[in-house]
Each structure stands twice: as structure tokens, then as C-alpha cells.
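Dear colleague,

Please find below the structure that I am handing over to you. My notes on it follow directly after.

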Amino acid sequence: LNMLLQFSRIDSMTGLYNLCTFQSVMEKELALAKRNGKPLVLIMADLDNFKTVNDSEGHQSGDDVLRQVAEVFSENLRAMDIAGRYGGDEFIFGLPETDISSAIEITERIREKVEAIFSDRSATTLSIGLASYPGAGRSLETLITAADKALYEAKSTGKNRLKAAPSYPWAEK
Ligand code: C2E
Ligand code: C2E
């Protein structure tokens with residue numbers, strides 16, 4: 001039974017939370033952030049040119065790349081941080097009690113590590129969008145939408161970079 005529970009909460013390929021688990025854990029973190037008046041940052045990350053890896057090297061190599069990227073996340077985030085697989089080559093994170101400037105440093109550290117690991121395969125890099133509670137949104141849904149929009153901007157301005165969603169001071173009231 002433990003094994004079954006384990007499998008339903010975890011993405012079996014990467015070992016990260018699946019989307020459903022991520023959402024329920026994050027709802028709780030968001031409630032805690034609201035109650036304690038602490039910031040929180042939601043991050044969406046997408047592998048650049050992943051389709052090329054799958055098409056030219058096969059799905060086995062594609063899966064290996066996903067697993068290696070997930071390992072970089074697990075090794076470079078704190079145990080209290082929440083990491084999940086959003087689906088396909090897209091990942092999602094929550095950093096509780098973290099402000100946007102720290103989150104940018106942390107995420108930049110991860111982007112550089114991924115770039116270095118696949119430096120022989122130059123196109124395998126990460127584009128990343130960040131959205132902070134409460135400035136960029138107050139619900140999980142609005143934060144995901146804002147981070148996704150920032151991620152799209154990172155992609156469309158050249159990939160292998162971070163973009164943060166705008167944060168509005170009046171939203172913090
Ligand atoms: P830093 O690496 O420049 O990190 C600055 C701040 O960003 C940290 O302040 C923390 O608020 C946030 N931060 C950095 N990485 C993470 C992360 O993976 N998850 C989360 N949620 N927040 C993160 P803090 O805690 O006062 O740490 C100050 C400095 O102490 C860090 O500067 C780093 O040089 C060192 N440090 C603290 N914990 C660790 C650790 O577990 N491993 C390593 N290698 N260094 C650490
Ligand atoms: P952890 O807090 O779960 O962090 C796991 C890994 O995330 C760290 O492995 C590091 O690669 C990265 N990380 C977390 N926070 C930071 C940070 O502030 N800055 C940077 N640059 N990287 C960060 P690492 O360094 O091997 O540390 C393993 C564990 O040792 C950490 O697990 C934590 O429990 C403890 N630790 C290491 N350094 C510190 C520290 O300066 N202060 C405290 N309180 N704990 C530390």
C-alpha cells in the first residue's frame with residue numbers, strides 16, 4: 001500500500017512531485033504564507049529545444065535528460081522547497097519564505113548548472129519564469145498564470161534566461 005501511495009504522489013520518471021501533489025502542497029504553503037505574512041515565489045521552468053533531443057537522439061536520451069535536470073533541482077534546492085513536474089519538459093517549483101531577489105539568485109544558480117551539464121549539447125538549456133506572492137498574485141492559479149507568462153517572455157526573448165512577472169505593490173495590501 002505504501003508503494004501505491006508513493007507512486008500516486010510522485011512523478012515516476014523524475015522522482016519529483018506530480019502536478020496534483022504539487023498543487024495540494026502549495027495550497028498549504030500559500031495559506032501559511034498568508035497567515036504568517038511571508039513571501040513565497042512560484043517558478044516555472046521549461047527545457048529549451050527538448051523536442052530536438054527526442055527527435056534526433058530518441059526518447060531514451062530525452063528521458064535521461066529529464067532525469068538529470070530533475071537531479072539538478074533536487075540537489076540545489078533546500079529540503080523545504082517544493083519541486084514538481086508540470087508535464088512534458090516543464091517543471092514547477094515553490095520557494096516558501098523566499099523573496100524575489102533571493103529566488104532569482106537560486107534560479108540563476110540552477111540555470112547555470114543545467115547549461116554546464118549539457119554544454120556539449122548546447123541547445124539543452126532552461127527558460128524560467130518567476131512570480132512572487134503577494135505582488136504578482138495571491139492565488140495559486142494567478143501565480144501559475146503569471147509565472148507562465150514570464151516563462152513565455154524568457155522563451156521569446158532568446159531562451160536560456162529568467163524573467164520575473166511584474167510585482168504590484170498595491171496587490172500586497
Ligand atoms: P546565497 O547562496 O547567496 O543565498 C542568499 C539567500 O538566498 C539565502 O540567505 C536564502 O535566503 C536564499 N536561498 C539561497 N538558496 C536557497 C534555496 O535553495 N532555497 C531557498 N528557499 N532559499 C535559498 P541565507 O539563508 O541567509 O544564506 C546565506 C548564505 O549562506 C547563502 O548565500 C550561502 O552562501 C550560505 N548557505 C546557506 N545555506 C546553504 C546551503 O545549504 N548550502 C550552501 N552551499 N550554502 C548555504
Ligand atoms: P538543504 O538546506 O536541503 O539544501 C540542499 C542543497 O541546496 C544544498 O546542498 C545546496 O546545494 C543548495 N542550497 C540550499 N541553500 C542554499 C544557499 O543558501 N546557497 C547556495 N549556494 N546553495 C544552497 P549542500 O550545500 O550540500 O548542503 C546540504 C545540507 O547541509 C543542506 O540541505 C542544509 O541542511 C545543510 N547546510 C549546508 N550549509 C548550510 C548553512 O550555511 N546553514 C544551514 N543552516 N544549513 C546548511
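In which loop does P134 lie? P134 is found in the loop between β4 and α6, where helices (H or I, at least four residues) and strands (E, at least two) are DSSP runs numbered from the N terminus. The peptide bond that leads from Y133 into P134 is cis, with omega near 5°.

Before the remaining findings, a note on conventions. This is a predicted model, in which local features need pLDDT of at least 70 and side-chain atom pairs count only at pLDDT 80 or more, while totals for chains, interfaces and linings use all residues. Residues are numbered from 1 along each chain as its sequence is written, chains are lettered from A and ligands numbered from 1 in the order in which they are written, and side-chain values use heavy atoms, with hydrogens and water left out.

Backbone

E97 has phi near 50°, a positive value in a residue other than glycine. E97 belongs to the loop between β3 and α5.

Ligand 1

The shell around ligand 1 (residues with a heavy atom within 4 Å of it) consists of N76, L77, R78, D81, T98, S102, E105, I106 and R109. Helix α5 supplies the largest share of this shell, four residues. By class, the shell has two nonpolar, three polar and four charged residues; here Ala, Val, Leu, Ile, Met, Phe, Trp, Tyr, Cys and Pro count as nonpolar, Asp, Glu, Lys and Arg as charged, and the others, Gly among them, as polar.

Several polar contacts (pairs of N or O atoms within 3.5 Å; within protein, one must be able to donate a hydrogen and the other to accept it, and residues adjacent in sequence count only if both atoms are side-chain atoms) can be listed. A polar side-chain atom of D81 is 2.6 Å from a nitrogen atom of ligand 1, and a polar side-chain atom of T98 is 3.1 Å from a nitrogen atom of this ligand. From N76, a backbone N or O atom lies 3.5 Å from an oxygen atom of ligand 1. On its own, ligand 1 has 770 Å² of accessible area (Shrake-Rupley method, 1.4 Å probe; for residues, only the protein chains shown count as cover), and the protein covers 40% of that.

Ligand 2

Around ligand 2 are E75, N76, L77, R78, A79 and R109, which divide into two nonpolar, one polar and three charged residues. Backbone N or O atoms reach oxygen atoms of ligand 2 from A79 at 2.7 Å and from L77 at 3.1 Å. The side chain of R109 has an N or O atom 3.0 Å from a nitrogen atom of ligand 2. Taken alone, ligand 2 exposes 780 Å², of which the protein buries 28%.

Cavity and pocket

Both terms rest on a 1 Å grid over the protein atoms alone: a cavity is a set of points where a 1.4 Å probe fits but cannot get out, a pocket is an open set with protein on both sides within 12 Å along at least five of seven lines, and lining residues have an atom within 4 Å of a point. Grid points are joined across faces, edges and corners, and a volume is the space filled by probe spheres set on the points.

There is one cavity of 30 Å³ or more. The largest cavity holds about 50 Å³ of space, and its lining is made up of I43, A45, F73, L77, F93, I106, T107, I110, L126 and I128. Two or more lining residues come from each of β1 (40–47), α5 (100–117) and β4 (126–133), and α5 gives the most, with three. Nine of the lining residues are nonpolar, one is polar and none is charged.

The largest pocket has a volume of about 160 Å³. Its lining comprises A136, T145, A146, K149, A150, E153, A164, A165, P166 and Y168: seven nonpolar, one polar and two charged residues. Helix α6 (residues 140–156) gives the most to this lining, with five residues.

Aromatic pairs

Rings of Phe, Tyr and Trp (its six-membered ring) pair if their centres lie within 6.5 Å; planes under 30 degrees apart count as stacked, over 60 as edge-to-face and the rest as tilted. The count comes to two aromatic pairs. One of them joins F73 and F91, whose ring centres are 5.0 Å apart with planes at 70°, so the pair is edge-to-face. F73 lies in helix α4 (residues 59–76) and F91 in strand β3 (residues 90–96), so this pair ties together parts 18 residues apart in sequence.

With kind regards
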